[in-house]
Each structure stands twice: as C-alpha cells, then as structure tokens.
Amino acid sequence: MDPELLATLKALSDASRLRIVGLLASRPYAVEELADDLDLAPGTVVHHLKRLRAAGLVDARPRRPYVEYSLRVDRLHAVGRMLHEMERATEDRASLPGPDGETLPAFEAKVLRAFIVDGRLVSIPAQEKKRHVVLAYLRDRCFTEDRAYPEKEVNQRLALFHPDVAALRRYLVDTKLMTRAAGEYRRA
C-alpha cells in the first residue's frame, strides 16, 4: 500500500479528526471555533489539526488574530480515487466461482450469481457493464458453434434462459457479441 495513502487513512481513523474534517468541509475555522463546536480543549484540537496537516488534508492561513484552517478537498478526492483504484485492482485479480461453479474473475462471478439463478436469467441488468457480462455468458452457453443461427433457433435457445428474447437478441447485436445479417445470427 502507498505509504502516503496509509498515513492519510491513519489520520482519518480518529472520530474527533473526522468531525473536524466534517466541519472544515463547510467553511474555514479557527482553533477556538472548532474547540467550541466540538466541545474539545483547544490543545486537543491543535493536536488533531497537526495530524491532519501532516497528512495533507488541512491547510492553515494566518488571519489576524487567529490562524484559520481549511479542508483540502482536492486531497480528499485524490484519496478517494486511490481507494477506488485499489478496489478495482483487487477485484480484477480476484476470482470466485460463477453460477456453474467454474472459476471466474470476481466481478463477473458476482454479477452472474446475482442475475443467473437456477440456470435462468432473473432479469436483464440495466447497467451496461453488468449487462455485457450476462450477455457474454448467454452467448457462450447458447451459441457454442461458430455457424449461422436462424432467428427462430436464436429465440428458442435464449428462451431457455429468459422470456424476453427480443431484448436479448438486440443487446447481443448492439454489444457486438453477435452479428445479424439476413435474419441469421453469428458469434462475433
């Protein structure tokens, strides 16, 4: 793990510091204002602000007669992006059993287990990324041979998984998992 990210997460691991970040998200504050709002001693607030500054989450500016502290929202966004990238990298590397028991990448396995129940498609996913996973699964189960399939046969094969065969056919062609020409379908 990135040492800078780890230091930032440690700085955010305290309830009082999280409350300070919450207050600073609305506007800049002086130490005394934070102490009053949080019902903490000013010395305690200063301690927490030093930890947050060291993590790059807070800036300090002198404003006579006080020092005013403000939240670095850009840094919070950067931390969020780093956490998201870590999650995606972990998810991409991990594998889980799919609905048929075969090992699949974690995301695909989760999607298929959510939408394929007892060998049937319970609903067509609205989210494009999930729908693509389901459609690829259906294509690989229904159309194993590299040949032309007449529309009637396509309908019969897809009906084994879900009654809305027209939508599934359209999605398979739209996502370029299959091609359609002269009423015949072929794996792409």
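In what order do the three strands of the open sheet lie? This is a predicted model, and in it the order is S8-S10-S9, with antiparallel pairing. At the edges are strand S8 (149-150) and strand S9 (178-181), each of which pairs on one side only. Strand S10 (residues 184-187) runs antiparallel to S8, and two bridges join them. Within S10, Tyr185 is the bridge partner of Tyr149. As background, the strands of a sheet pair through backbone hydrogen bonds, either parallel or antiparallel.

Let's turn to the nonpolar cores. The largest one has 26 residues, and the members that touch the most others include Leu112, Leu121, Val134 and Phe143.

| Element | Residues |
|---|---|
| Helix H6 | 106-115 |
| Helix H7 | 128-142 |
| Helix H8 | 151-159 |
| Helix H9 | 165-174 |

H7 gives the most to this core, seven residues. Leaving aside neighbours within four places in sequence, Leu121 is in contact with Phe115, Ile116, Val134, Leu138, Phe161, His162 and Leu168. There is also a second, separate core of 18 residues, with Ile20, Leu38, Val45 and Leu71 among them.

Finally, let's visit Thr8, found in helix H1 (residues 3-11). Is Thr8 buried or exposed? Thr8 counts as buried because its relative accessibility is 0%, and buried means under 20%. The side chains of Thr8 and Arg75 are joined by a polar contact of 2.6 Å. Apart from neighbours within four places in sequence, Thr8 is in contact with Ala55, Leu57, Arg75 and Val79.

Conventions:
Residues are numbered from 1 along each chain as its sequence is written. This is a predicted model: local features need pLDDT of at least 70, side-chain atom pairs count only at pLDDT 80 or more; totals for chains, interfaces and linings use all residues. Side-chain values use heavy atoms; hydrogens and water are left out. Helices (H or I, at least four residues) and strands (E, at least two) are DSSP runs, numbered from the N terminus. Buried means under 20% relative accessible area, exposed over 50%, partly exposed in between (1.4 Å probe, protein chains only). A polar contact is a pair of N or O atoms within 3.5 Å; within protein, one must be able to donate a hydrogen and the other to accept it, and residues adjacent in sequence count only if both atoms are side-chain atoms. Contact means heavy atoms within 4.5 Å. A nonpolar core is a set of buried Ala, Val, Leu, Ile, Met, Phe, Trp, Tyr and Cys residues joined through side-chain atoms within 4.5 Å. Two strands pair if DSSP finds at least two bridges between them.
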